[in-house]
Amino acid sequence: MSQKKFFLVLLVISSVSLLLHHGGHFSWTIKAFLGCPSLRPLPSSGLKAKHTSVAFLKTHKTASTTVQNILFRFAERHNLTVALPVQACAHQFCYPRPFSARFVHPHTVPARVVASHMRLNASELRRVVPADAVYVTILREPAAMFESLFSYYNQHCLSFRRVPNGSLEAFLDDPWRYYRPEEKDSMYARNTLTFDLGGEKDRPADAAYVAGLVGEVERVFSLVMIAEHFDESLVLLRHLLSWDLEDVLYVKLNMRSPGSRRSLGAGLPARIRAWNALDAQLYDHFNASLWRRLAGLGAACVGREVRLLRRARDRLVRGCFGGRLPQLRPATQIRNKELRPWQPSARVDIVGYDLPHNGSRPAGPSQDVCLKLIMPEVQYSQRLLRIQSLRYRRGYPKRLPPPLRPTLARRRLHVGSFRDFLGPALNQRPRGSQTRAGRGGRFSRRQLS
């Protein structure tokens, strides 16, 4: 080997060693590149640009708030418009009504990212996001999910409120004694995943209907994440979108305190799955599908990515919390009101995080980065709406007046037309619920659930 070639080889080895020693997302890319040939089309390699159009169907009690936070932060970093609900819909797209483009706030279109709660209506969703948008959702094991739903919505869902002493066991002993299919909020009490995905929650779980439902989900969504395998799902998401490691770091959000959870005794998971048979079959299908896709990447490579992701996440979190892992706190103990998670009822304690004082936090991520990392859904949605409305108003003189939507152009416009248009959404609040006090209290307690 000539001296010139030897010098070049030595230079390459030294450069790679230096990058690996100093860490960062480039070192993570090099490790994956060298160790996993099947993973070579990585974002930082320059072979593929990051994908910036994402439609995320946010399902209930599935770790979807954590995914939403990842998407919100990515959108802010890249100056992408996030579709947000009109104020009458609170922070959800007038759920449980099927999604409509009319539910999107006019200051948040055209949008690149959608990530708020909705009931899927794929044709309407396509009117909001670009044609090249990647569709993603997340599922959770039905027994664990139903226990969470029963606890979280115990005071909102009438099917749950009827149960003596709030007993999950009593409900499962005779569900039809308490459950009313056509009742408001009944979607929380049976096959919630099926309902969120646009299916019929009370259909018999016959093979033909399940096959059709699975086929429709596969046709719409490029990735169905699984909550029990969250980090592995993020590996697939990162590759699907050609994102960097830093784009998928997170902390867990919207969690219940240990005292608000109940363990499922022997036999209860099977009874829950039988009551939610459609959800169970959906979950089993897409859980198996997830692992087939992971196997295609290679177990060793996926394991390496997961380990690197967790290390990077711990570095970020420790940088935000004074060199230690964060402590979950009840909402009443969180000093910063922007960080207090909403509480569905007095029976459930949703915990969150509080940042240390600036003086106790060593050099690392900025205060703004750390704040967004742990910001609850309602506050982050409001923040994005403020930012995007300001941007919209600044650019308003340059815009042409937006054309009326076809459905509205045919209607007589009068003083009450807007209220007529949103009437059903405005009347979603259950009887006896209390709205927030103060002039700015636009959201009912029910709408914030």
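Buried means under 20% relative accessible area, exposed means over 50%, and partly exposed lies in between (1.4 Å probe, protein chains only). The model is predicted: local features need pLDDT of at least 70, side-chain atom pairs count only at pLDDT 80 or more, and totals for chains, interfaces and linings use all residues. Residues are numbered from 1 along each chain as its sequence is written, and side-chain values use heavy atoms, with hydrogens and water left out.

View A. Helices (H or I, at least four residues) and strands (E, at least two) are DSSP runs, numbered from the N terminus. In α11 (residues 268-275), the buried residues include L268, I272 and W275. These three lie on the same side of α11 because they cover an arc of only 65° around the axis, the arc being that of the directions from the helix axis to the C-beta atoms. An α-helix has 3.6 residues a turn, so residues three or four places apart point the same way. A270 and A274, on the other side of α11, are exposed. The buried residues of α11 pack against α5 (142-152), α7 (168-173) and α12 (277-297), where contact means heavy atoms within 4.5 Å.

**View B. Five parallel strands form an open sheet.** The strand order is β2-β3-β1-β4-β5. β2 (82-83) and β5 (223-226) are the edge strands; each has a single partner strand, so one side of each is left without a neighbour in the sheet. Helix α3 (residues 64-77) packs on the sheet and touches β1, β2, β3, β4 (134-139) and β5. The direction of α3 makes about 160° with that of β1; axes are lines fitted to C-alpha atoms, for helices over the stretch in contact, and angles run from 0 to 180 degrees between N-to-C directions.

View C. Two strands pair if DSSP finds at least two bridges between them. β1 (residues 54-57) and β3 (residues 113-114) are parallel and share two bridges, with V113 of β3 as the bridge partner of V54. β1 and β4 also run parallel, joined by four bridges, and V136 of β4 is the bridge partner of F56. V54 and F56 point one way from β1, A55 and L57 point the other way, and all are buried.

**View D. Two disulfides are counted**. A disulfide is a pair of cysteine sulfur atoms within 2.5 Å. The sulfur atoms of C89 and C94 are 1.8 Å apart, and their link is left-handed, with -70° about the S-S bond. C89 and C94 are buried. In the disulfide of C320 and C370 the S to S distance is 2.0 Å; this link is left-handed, with -85° about the S-S bond. C320 lies in α13 (residues 299-320) and C370 in α14 (residues 367-373), so the pair ties together parts that are 50 residues apart in sequence. C320 and C370 are both buried.

**View E. The salt bridges number 23**. A salt bridge is a side-chain nitrogen of Lys or Arg within 4 Å of a carboxyl oxygen of Asp or Glu. R256 and E147 meet at 2.8 Å, N to O. R256 lies in β6 (residues 255-256) and E147 in α5, so the pair ties together parts that are 109 residues apart in sequence. R256 is buried at 8% relative accessible area, and E147 is buried at 6%. In the salt bridge of R127 with E124, the closest N and O atoms are 3.1 Å apart; R127 is partly exposed at 47%, whereas E124 is buried at 16%.
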